[in-house]
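Subject: Handover of a structure for your review

Dear colleague,

Please find below the structure that I am handing over to you. My notes on it follow, arranged from the whole chain to single residues.

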Amino acid sequence: MLLRLSVQNFAVLENIEVDFSKGMTVLTGESGAGKSKIIEAIGYLEGKRASQEDIRHGKSGAVIEGVFDFPSNEKLNQLLADSSIEEDELYIVRREIMTNSKSLIKINNKMITLNQLKNIMEHVLSIHSQSTHREVLDKSEQLDYLDRYIGLVKEDIFTTYTHDYQAYQSVKSRKEELEYKDRNRLTQLELLKHQYSELSTLELKEDEETELENELEFLSNYENINDALNQIKSLLVSEYPPQGMLYDINQSLETITRYDESYISYKDTLTDAYYLLTELNSQVSNDLSSLDYDSDRLNAIQSRLNQINQLKRKYTKTFEGLLEFQTQLKSDIDDLENISQSFDRLQKEEKMLYDKMEASAERLHQYRWDRKHFLESKLRHELSELEMPDVQFEINLKESQFNPLGYTDAEFLIAVNKGEPLKPLNKIASGGEVSRVSLAIKTIFSDFEHDSLIIFDEIDTGVSGQVAARMVEKMKLLSKQRQVLAISHLPQAAATADFLLHVEKSNVDDRTQSTASYLTEEEKVEEIARMISGSKITEAARLNAEELLRTGKE
């Protein structure tokens, strides 16, 4: 939910700050007053790409800041964690757009990228306008709507297909790679054998590099280690060694513990320390007698590590990567030397996996067929409530190319009036009909989405009368579950809204700037009357406005 929006030097919005609440807020005002700029500013917080054209003329930059109460969403929480943004009660999203083409993006003072912002904010808000309706008409999106509605991705049948598809693609790629290698087999085989020989000659062993580096560290610090051992030894065998002091203290404690048992624990600890120092003395003595500086071994280690590092640089791999590369080279050489057998084996495996994938895709296709009527009937119901009683709607499914979602191709077909044949949804000519279909789909999927703010930017353009009333009802219904902001020229929308935010522009110091303020109940009557009758407000329009407000509160 958006709690506060602050905008500075963004086109006509020189300096505005607006608080928002739950429910439905409708932005009103004359055309060109700046309503769309407010929505556009919020769009920047959603992840719109920055444009210097939006910076107010004469200013060095624009700042847009929104205070949000993010919805509870596991995926959103993970995205925030991935961006190193700590969990908080509120989140301040800030965009700074500068004339030098740079743009700073922050959430709670943590700098993030534009892609990170988009990924995060798609779980927080969504903006719907006449232009974004095209997403509903996009044929590539329609299968996704069906799958989301029937919950397909959560089903085992989808998991099985995904596994079968990936397995087939893997062996197919392997076979294609082998075909390529066969065309260049001799040259390729010679190269692979050279690389394998270069690696196998070194006889690399697992964890060898770490062990060599540890040994090199020890030998390189031989003098420091030897000096430290001698220092310890001299202290342990000095005229007054610590063992002797511990022994004397222990004897005194022996006397005390006869009369005060609280000292027994000290006595036991000192005894342990005495034996520990004695053991340390023995260990140091053994190490000093066996410690020997081996310059040949040091040189051998350095030479070995140099050879390893040369190969790491040559093949741009880690030490572990070299071991894996050597294993892969052996496999590739075997394949090329036995290419006909390998190709036959892969061909049989590919056929087997293709049949398995095809069977999984067929089950997936049938699963969609058996359940598509749920979405069809739901959408018909929603459209009938939007004054499309004779609408026919059908989801046409047909077999197409294999892809990560199966081989199903989905297309939404619709007939608005009786007697008309079903046609693809993207053939709808009326903007009002497109708006209603878009709103119906948004209403249906409101339970599937986690965003807490929905913005409607003049989606009711081109509708009126009972259709407009129904669309307003749907927006109001959505506002019971989520925060809704809407730009609307419909008196019904203004009357139904919980809040009316009036935007107007004026000239200050020969510059145009917009301001936004909430209307009182009396001001609401005047504004709705203006929306009904135009600039010349009549008494009949006022009475009509009052009636709409009363009806809107029921």
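How many positive and how many negative side chains does the protein chain have, and how far apart do the centres of the two sets lie? There are 66 positive and 99 negative side chains, and the two centres are 8 Å apart. For this count, Lys and Arg are positive and Asp and Glu are negative, while His and the chain ends are not counted. Each charge is placed at NZ of Lys, CZ of Arg, CG of Asp or CD of Glu.

Please note the basis of these values. The model is predicted, with local features needing pLDDT of at least 70 and side-chain atom pairs counting only at pLDDT 80 or more, whereas totals for chains, interfaces and linings use all residues. Residues are numbered from 1 along each chain as its sequence is written, and side-chain values use heavy atoms, with hydrogens and water left out.

The chain as a whole

The protein chain contains 19 helices and 15 strands, these being DSSP runs numbered from the N terminus (helices: H or I, at least four residues; strands: E, at least two). Its radius of gyration, taken over C-alpha atoms, is 38 Å, well over the 24 Å that the globule rule gives for 554 residues, so the chain is more spread out than a compact globule. That rule is 2.2 Å times the number of residues to the power 0.38. Along the principal axes, the C-alpha atoms fill a box of roughly 115 × 80 × 55 Å.

Of the 554 residues, 42% count as buried. Here buried means under 20% relative accessible area, exposed over 50%, and partly exposed in between (1.4 Å probe, protein chains only). The chain exposes about 30400 Å², of which carbon and sulfur atoms supply 47%; areas come from the Shrake-Rupley method with a 1.4 Å probe, and for residues only the protein chains shown count as cover. Among contacts (heavy atoms within 4.5 Å) with a separation of 6 or more, 71% join residues 24 or more positions apart.

Helix H3 and its surroundings

Which residues of helix H3 (residues 114-121) are buried? They are Leu 114, Leu 117, Ile 120 and Met 121. Seen down the axis of H3, these buried residues fall within an arc of 130°, so they line one face of the helix. The arc is that of the directions from the helix axis to the C-beta atoms. The buried residues of H3 pack against helices H1 (35-46) and H2 (74-82), and against strands S4 (61-68), S5 (91-98), S6 (103-107) and S8 (125-129).

Residues that meet across the sequence

Ile 39 lies in helix H1 and is buried, at 4% relative accessibility. Leaving aside neighbours within four places in sequence, Ile 39 is in contact with Leu 27, Ile 127, Ile 455, Asp 457 and Ile 487. Of these, Ile 455 is 416 residues from Ile 39 along the chain, yet their C-alpha atoms are separated by 7.9 Å.

Lys 476, in helix H16 (residues 465-479), is also buried, at 14% relative accessibility. With residues up to four places away not counted, Lys 476 touches Met 24, Thr 496 and Asp 498.

Ser 446 is in the loop between helix H15 (431-444) and strand S12 (453-457).

Asp 182, in helix H6 (residues 156-183), is partly exposed at 41%. Asp 182 and Asp 335 are 153 residues apart in sequence and 9.8 Å apart in space, C-alpha to C-alpha.

Backbone points to check

Most residues other than glycine have a negative phi. Where does Ala 11 lie? Ala 11 is in the loop between strand S1 (2-10) and strand S2 (13-19), and its phi is positive, near 55°. Ala 11 counts as buried, at 19% relative accessibility. Glu 203 has a positive phi of about 50° and lies in the loop between helix H7 (185-202) and H8. Glu 203 is exposed, with a relative accessible area of 52%.

With kind regards
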